[in-house]
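Here is a friendly walk through how two chains meet. Have the viewer open as you read.

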There are 2 protein chains.
Amino acid sequence: MTVRAAIRTKTVEYKQGDTTLEGFVAYDDAIPVKRPGILVVHQWMGLTDYEKHRAEMLAQLGYVAFCADIYGKGVRPQNPREAGAQAGKYKSDRQLLRARVTAGLDALRQQPSVDSKRIAAIGYCFGGTTVLELARSGADIAGVVSFHGGLDAPDPNDGKNIKCKVLICHGADDPFSSPQDIAALEDEMRKGGVDWQLIKYGGAVHSFTQPMAGNDNSKGAAYNEKADKRSWAAMKEFFAEIFR
Amino acid sequence: MTVRAAIRTKTVEYKQGDTTLEGFVAYDDAIPVKRPGILVVHQWMGLTDYEKHRAEMLAQLGYVAFCADIYGKGVRPQNPREAGAQAGKYKSDRQLLRARVTAGLDALRQQPSVDSKRIAAIGYCFGGTTVLELARSGADIAGVVSFHGGLDAPDPNDGKNIKCKVLICHGADDPFSSPQDIAALEDEMRKGGVDWQLIKYGGAVHSFTQPMAGNDNSKGAAYNEKADKRSWAAMKEFFAEIFR
C-alpha cells in the first residue's frame, strides 16, 4: 500500500474591497481530481495555528480547505481584550461580516483543485456565528457547520434567505448562548423552512473542540475530547450527505 | 466477492414474572464470533413488522438484534385507542415498565451469539421512553438511543442512576414533548452527570422514522426521510464509539 497523502499548505493573500486579507489553504497534492472545498472560519483570536491544523485535517480527508481571514492581514489579537474588540466589531456589523466571509468563499472557489459547485463552510466560536451569517446571506453553498458558535438570531426573518443545509454542534452547558437565544435561532430556522440540525453535547461548555482551552468547565470554556470527536464525526457524516 | 450475510430470524418466548412475552431475534448466521447485542423496543402499537425490520437492518450491520415485547404475548393493539391504553399503563407504572424491558434485556443476553458485555438498546416512540427508563434503572449496558421517544423526567433525580451513554434523536417540531419536558430531561441528565447527546432534526415531527406515518407534518406525526437516515447514521456512529 502506497501512502498517497501529500498535504500542501500555503498562505494566500486576497481582498475584500480595499482591505487585504491573509488566508491559508491546505490540500492533498496526490489527489488528481477536483474535489469539494471547505471554508474554515476562525475563532475570536483570529486565524491561528488552530484553524490551520483543522484545515490540514480536512485536507487529509480529501477536501481543499481554506482558512478565511475575517479581521485583515496583520490583525491578530494578542489577548482576549483585543479579540473581544475585533469580534465585537464584526458581530455588530453583520453586513461587513458577510462581506468578509464571502471574500473568503470567493478565494476558496478560485483554488485550482476546488470543485466550485461543491462547497461548505465550518466555523469555530466567532467563526460559527460567521458561517451562520454566511448562510443567512443566501450563499449558494451546500452546507455550514457551526462548532460552539455564538447562537443568536439578530433578524428572525433572515432564515428565509438560507439555501444551504445547517448543522449546529453545541455544548449543552455553553454559558455564552442563553436558552432564549437558542430558541430564537431554532424559530428562525423553522420559520425559514431551513434544513437544519442541532446537536447538544452533554457536559460540554464553550470551546469544546479547542485543546488550548484547558479542562475546567467552571470557566465556561474548556476542551471536551468526546464532544470534539463526536462533532468531527457528525461533520464528516454531514459532508458525506451533502457531497454525495 | 462473496455475499456472506445470512440473516436468521425467529420468535422467542420469554417471561417477566408470570407473564409470557413474545420477542423476536435477528442475526447474521454467517458471522462466526460473538458480537454486540441490540435490544429494540417497540412503539405504542406493540411489537410489529416495523421493529422486526429494524432488527433485520441491525443484523445486516453485524449485530444480534432482539425485539422486546413489553405488552405480553398476544397483546397487540389494533388501533390507537388500544395502543394508548397499553402505552399509558406502562408509562404510568415505570417500575413495571422497567421490569418488562429488563426481561427483554436478559433474553437478549441469553442469545448464543451475543457478547453479553457489549449491549445497547434502542427504541422508537414509546420504546424511546422505555430505553431511557432502562437507563434510569441503572442497567449495566453501553448505551441507549431514543428515536422520537416521549421525553420527560418523571423523577429528576433518576439521572444519577444512569451508567450508560445516552443518545436522543428528536424531531425539532415534535408536538408530543414540550420544550419544558425537554429542558427537564436535559437537567436530569446534567445533574446526573450523564454522558448524553440530543440531536434535534429541523422539520421533523413525531414518528419521523416510520414510513407508515405518512408525510403530513400538520398531523404531528409523519415520516421524514432525511431525519430517518440521519438518525440511523448517528446511531451507527454511536455504536461505533461505544463498541470500539
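This is a predicted model: local features need pLDDT of at least 70, side-chain atom pairs count only at pLDDT 80 or more; totals for chains, interfaces and linings use all residues.

Residues are numbered from 1 along each chain as its sequence is written, chains are lettered from A and ligands numbered from 1 in the order in which they are written, and side-chain values use heavy atoms, with hydrogens and water left out.

**The interface**

Let us begin with the contact. Chain A brings 19 residues to it and chain B brings 19 residues, where contact means heavy atoms within 4.5 Å. Together the two chains bury about 1,700 Å², with 38% of that on carbon and sulfur atoms; buried area is the accessible area (1.4 Å probe) that two parts lose on being put together, summed over both.

Across this interface there are 16 residue pairs in polar contact, both at pLDDT 80 or more. A polar contact is a pair of N or O atoms within 3.5 Å; within protein, one must be able to donate a hydrogen and the other to accept it, and residues adjacent in sequence count only if both atoms are side-chain atoms. On the side of chain A that touches chain B, the elements giving two or more residues are α5 (179-192), β8 (196-201) and α6 (225-242) of chain A. Of these, β8(A) gives the most, with six residues. Helices (H or I, at least four residues) and strands (E, at least two) are DSSP runs, numbered from the N terminus.

β8(A) pairs with β8 (residues 196-201) of chain B in the antiparallel sense over five bridges; strands pair if DSSP finds at least two bridges between them. Within this pairing, I199(A) has I199(B) as its bridge partner.

**Salt bridges**

A salt bridge is a side-chain nitrogen of Lys or Arg within 4 Å of a carboxyl oxygen of Asp or Glu. The count over all chains is 41, and 10 salt bridges cross the interface of chain A and chain B.

| Salt bridge | N to O distance |
|---|---|
| K200(B) and E186(A) | 3.0 Å |
| D29(A) and R8(A) | 3.2 Å |

D29(A) lies in the loop between β2 (19-28) and β3 (35-41) of chain A and R8(A) in strand β1 (residues 7-16) of chain A, so this pair ties together parts 21 residues apart in sequence.
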